[in-house]
Amino acid sequence: MLMSLLTLLRLSFLTVMVIIWKGDKLIDGVPETLDMLRSKGKRLVFVTNNSTKSRKQYGKKFETLGLTVTEEEIFASSFAAAAYLKSIDFPKDKKVYVVGEDGILKELELAGFQYLGGPEDGGKKIELKPGFLMEHDKDVGAVVVGFDRYFNYYKVQYGTLCIRENPGCLFIATNRDAVTHLTDAQEWAGGGSMVGAFVGSTQREPLVVGKPSTFMMDYLANKFGIQKSQICMVGDRLDTDILFGQNGGCKTLLVLSGVTSLSMLQSPNNSIQPDFYTNKISDFLSLKAAAV
Amino acid sequence: MLSKAVASAVSVTLNPKTTSKFFGLKRVSFVSSDSLVFGGKNSSFNADGLKKSRSCSRMESFVTKASASAQPLKNADELIDSVETFIFDCDGVIWKGDKLIDGVPETLDMLRSKGKRLVFVTNNSTKSRKQYGKKFETLGLTVTEVKDSFLSIVCLKFHRIPSPNSSEFSQEEIFASSFAAAAYLKSIDFPKDKKVYVVGEDGILKELELAGFQYLGGPEDGGKKIELKPGFLMEHDKDVGAVVVGFDRYFNYYKVQYGTLCIRENPGCLFIATNRDAVTHLTDAQEWAGGGSMVGAFVGSTQREPLVVGKPSTFMMDYLANKFGIQKSQICMVGDRLDTDILFGQNGGCKTLLVLSGVTSLSMLQSPNNSIQPDFYTNKISDFLSLKAAAV
């Protein structure tokens, strides 16, 4: 299975997942591997479900880690939310209520949408006194929910009111990841918990724009004119990355440098099988050398 | 597998009915439909041996019982005479927010004068039973407080005859889901050397304390924040053997993460929900996101379904039927919500009466999307008096 990695190198385009870092540490051999792929004329795209930063802010993160990646190569689920609203011609006179972080706000602003909420609502409290009514903006036409470290009941209630009471209000999730490595020390409850809260209070399922929904795949295939059969999706999570690749009809490569171990992949409880698996992306270099 | 994954990945708004999941505690099979969005990467459940199921068939099995449409209540006497006990939901039936609903004291007096046992069951876990007793008092309804819930049978034996002319209740009981959580832990002999992490309010803490359990969390964790700095690790108590989740106005990410760590990393840790109500009338002015949102957050982060102790789970029904020695066919459940109160009554095998003084309207009851049909419906419980008078 590992030897077949070489066949992936024959593809014209290669989509690489963000298994480039863990928390704030670069994974070994990454810069050299990316350089090698670029030198062979492969297109590299970085797709992340993390919505806390905008593409621009991610560009800076890549820079700080010593990697040259342009904004246009980065697709965060924060961008996906704004791109989705654009794709459905979400009216500019409607507003978006955001339960999430700065990345989403920045992308909405770039796309020309009005928004409310975000981190500053993290300081708001409610007093459940008799007769107290929480007002909400009737012009909110969409509630976008992503990871939010400033999550609180005010936001749950505000978003719930919008979804339940504003006719046609959309309920959009950047992603539903249960847990994610927000620091390299442990797993942290992810966007799936914020989204889960709204599923609980509205009894509605969201439109998911991040992985494993194919929205970002369709978007970039369209934007770059790529054939999906010419794409290899590389990631560390079976239920987001690999499923994303499979949903999109691409080849899939699982790396074991992240949250998934070999035993999890081979467990009888697991039904998601990537085309290939390897330890980390720098195996592209070592295996290539071995084949020579 | 691919086509299933595609279908589930493109999440669209589903009929809200299909997303509600309610589980009686005796037959606990977990419906993992939410996590199926990602193709079902559910790890097997933990040592308490509960299996997972991929369909909503359990939910359907509860609603197929009521195939006939609900009847408007005309002959109140007939219903009253056919049962021995009335179980009342509180919000939307007895009070709305902090206001008593018209005609309630007189109606309850009338039922008592006919020798009926009255029980109050609420999914609200913010108060303990004692604190609810005080709420009844403030509203002008006096409920005899039972100091030790497990002496209730003894007390009831000695206070069998109600006094018809006072508003004092002598054989009534209040069951809040805060109490249900503690009672459940007691019923499974939850070890006293284990701890409970609480995502919820004071009522749960008080009931756990009364039952002799150690706990962490509650309202004070509402002030805790986390700094997601490089290398930062949140510690959690390895002795937490259960996480109890209920409505929490102090909900925040710290609690989500702490509870998630306990459930995911402490072997055998239980995930218990007081209730999964989507919305609730916390003030009489509007509906407020309920315990279902806090529970939903943990379902999202753990990809596990909770054990639900509140309505419509039959835990509280079985508990009180057992404690009071009541036959379920002798009970009428009165409530304002189809998917908690009425389903609770149906799950328990009781008669059911829906009142329209709370969150459910007649059009919601009669909507083609609704499959939960109570035996009867009426405007408010004081109709027991007016219908009775009309029949004379």
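Being a predicted model, it contributes local features only at pLDDT of at least 70 and side-chain atom pairs only at pLDDT 80 or more, while totals for chains, interfaces and linings use all residues. Residues are numbered from 1 along each chain as its sequence is written, chains are lettered from A and ligands numbered from 1 in the order in which they are written, and side-chain values use heavy atoms, with hydrogens and water left out.

In chain A, an unreviewed UniProt entry lists A:D236 under "binding site"; such annotations may be inferred rather than shown by experiment. A:D236 sits in the loop between strand 13 (232-235) and helix 9 (238-247) of chain A, with helices (H or I, at least four residues) and strands (E, at least two) taken as DSSP runs numbered from the N terminus. At 10% relative accessible area, A:D236 is buried (under 20%, 1.4 Å probe, protein chains only).

A cavity here is a set of points, on a 1 Å grid over the protein atoms alone, where a 1.4 Å probe fits but cannot get out, and lining residues have an atom within 4 Å of a point. The largest cavity holds about 210 Å³. It is lined by 22 residues, and B:D91, B:N123, B:N124, B:D277 and B:T280 are the closest to its centre. Strand 15 of chain B gives the largest share of this lining, three residues. Domain 1 (71-178 + 312-385) and domain 2 (189-308) of chain B both contribute to the lining, so the largest cavity lies between them; the domain bounds come from an automatic or database assignment.

Terms used. Buried < 20%, exposed > 50% of the residue type's maximum accessible area, 1.4 Å probe, protein only. 1 Å grid on protein atoms, 1.4 Å probe; cavity = no way out; pocket = protein on both sides within 12 Å on 5 of 7 lines; lining within 4 Å. Points joined across faces, edges and corners; volume = space filled by probe spheres on them.
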